[in-house]
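Here is a briefing on one predicted protein model.

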Amino acid sequence: MRGTHIALLLAILPVFLTPKLFAQVGELAPPAVQWQQHRGGTADDYFNYACQLADKRVVVAGFTASGNGDLQENLGSFDAWLTKLDSNGSMVWSRNYGTANDDRFTCVLPWGPDRLLAVGKSYQAGLSGSFG
């Protein structure tokens, strides 16, 4: 069954990949890199969402298995992780949240002045309420 879906995709793909489409895409210039930073610790660390705040600072959300580097401790398995960066990419603060199991932030948004709304998931059985 899986091979059928791949074959169907390969059969349809040439219809969409015309030279006209490539010409249009080729004309777009990639954005310039403003800054580049490494964050986290020595274990597996992932950011999967970022938002820019009104003051041009950036908050990134993800999850981490590290308990060193930019993180004070690991609370168990993967922890949900938020980091705020200034307009130059320097860290303002970094905080992880978690249980003994996997916890991950999947989105973060500004929520009024000086507040953030972070959304995620936890694999801790019986967990309810809000934390942090």
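Four strands form an open sheet in this predicted model, in the order S1-S2-S3-S4, with antiparallel pairing. Strands are DSSP runs of E with at least two residues, helices are runs of H or I with at least four, and both are numbered from the N terminus. Two strands pair if DSSP finds at least two bridges between them.

**Sheet**
- The edges are strand S1 (45-52) and strand S4 (91-97), and each of them pairs on one side only.
- Neighbouring strands of the sheet are turned by 20° against each other on average, direction ignored. The axes behind this angle are lines fitted to C-alpha atoms, for helices over the stretch in contact, and angles run from 0 to 180 degrees between N-to-C directions.
- S1 pairs with strand S2 (residues 58-64) through seven bridges, in the antiparallel sense.
- Gln 52 stands opposite Val 58 in S2.

**Ser 66**
- Ser 66 lies in the loop between S2 and strand S3 (79-85).
- Ser 66 is buried, at a relative accessible area of 1%. Buried means under 20%, exposed over 50%, and partly exposed in between (1.4 Å probe, protein chains only).
- Its side chain makes a polar contact with the side chain of Asp 45, at 2.8 Å. Such a contact is a pair of N or O atoms within 3.5 Å; within protein, one must be able to donate a hydrogen and the other to accept it, and residues adjacent in sequence count only if both atoms are side-chain atoms.
- Leaving aside neighbours within four places in sequence, Ser 66 is in contact (heavy atoms within 4.5 Å) with residues including Gly 41, Asp 45, Leu 71 and Asn 74.

**Asp 114**
- Asp 114 sits in the loop between strand S5 (103-110) and strand S6 (116-122).
- Asp 114 is exposed, with a relative accessible area of 82%.
- Asp 114 and Leu 53 are 61 residues apart in sequence, yet 9.4 Å apart in space, C-alpha to C-alpha.

**Whole chain**
- The protein chain has two helices and six strands.
- Of its 132 residues, 24% count as buried.

**Confidence and conventions**
- The chain averages a pLDDT (the predictor's confidence in each residue, from 0 to 100) of 75, and 73% of the residues score at least 70.
- Over residues 1-18 the pLDDT is below 50, and beyond near neighbours in sequence this stretch has two contacts in the model.
- Where pLDDT is low, the predicted coordinates should not be read in detail.
- Residues are numbered from 1 along each chain as its sequence is written, and side-chain values use heavy atoms, without hydrogens and water. Local features need pLDDT of at least 70 and side-chain atom pairs count only at pLDDT 80 or more, while totals for chains, interfaces and linings use all residues.
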